[in-house]
Amino acid sequence: MIKQDMIYEEQKKLVLARLNTINPESKIMLGTQKKISVKELIDHVEKGDDFGQKVIKAQMTMLKVLAGSA
C-alpha cells in the first residue's frame, strides 16, 4: 500500500470514530435544505464513495482548524 493510501485509510478510521460517537439517527444539515442522518454519513464514508471522500476531507479540515494548524 502506498503512503497516500495509508494516510487516507487512517483519516477514514478517524472520521468513522468521530461519527460513531454521535447518535446515528441525528440529522445534519447540508446546505440550506438537505438533511442527512449520521448513519447515512457513516455509510458513505465506509463505502468510500465520492460523497464519503468529501466528508472525510471536510472533517480533516475541521480538525486542522480546531488544532490551530490550518
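These legends describe close-up views of a predicted model. Residues are numbered from 1 along each chain as its sequence is written, and side-chain values use heavy atoms, with hydrogens and water left out. In this predicted model, local features need pLDDT of at least 70 and side-chain atom pairs count only at pLDDT 80 or more, while totals for chains, interfaces and linings use all residues.

**View 1. Packing of helix 1 against helix 3.** Helix 1 covers residues 3–19 and helix 3 covers residues 50–67; helices (H or I, at least four residues) and strands (E, at least two) are DSSP runs, numbered from the N terminus. Their axes lie 10 Å apart at an angle of about 80 degrees, the axes being lines fitted to C-alpha atoms over the stretch in contact and the angles running from 0 to 180 degrees between N-to-C directions. The two helices are therefore roughly perpendicular (65 to 115 degrees; under 35 is roughly parallel, over 145 roughly antiparallel and the rest oblique). Helix 1 contributes Tyr8, Gln11, Lys12, Leu14, Val15 and Arg18 to the contact, and helix 3 contributes Gln53, Val55, Ile56, Gln59, Met60, Met62 and Leu63 (contact: heavy atoms within 4.5 Å). Eight of these residues are nonpolar, three polar and two charged (nonpolar: Ala, Val, Leu, Ile, Met, Phe, Trp, Tyr, Cys and Pro; charged: Asp, Glu, Lys and Arg; polar: the others, Gly among them).

**View 2. The buried residues of helix 2.** In helix 2 (residues 38–47), Val38, Leu41, Ile42 and Val45 are buried (under 20% relative accessible area; exposed is over 50% and partly exposed in between, with a 1.4 Å probe and protein chains only). Seen down the helix axis, these buried residues fall within an arc of 100 degrees, so they line one face of helix 2; the arc is that of the directions from the helix axis to the C-beta atoms. They pack against helix 1, strand 1 (27–30), strand 2 (34–37) and helix 3. Just after helix 2, Gly48 has a positive phi of about 75 degrees.

**View 3. The hairpin of strand 1 and strand 2.** The two strands pair in the antiparallel sense over four bridges (pairing requires at least two bridges found by DSSP). Met29 has Lys35 of strand 2 as its bridge partner. Three residues lie between the strands, and Gly31 in the turn takes a positive phi of about 70 degrees.

**View 4. Ser37 in strand 2.** Ser37 is buried, with a relative accessible area of 7%. Leaving aside neighbours within four places in sequence, Ser37 is in contact with Pro24, Ser26 and Lys27.
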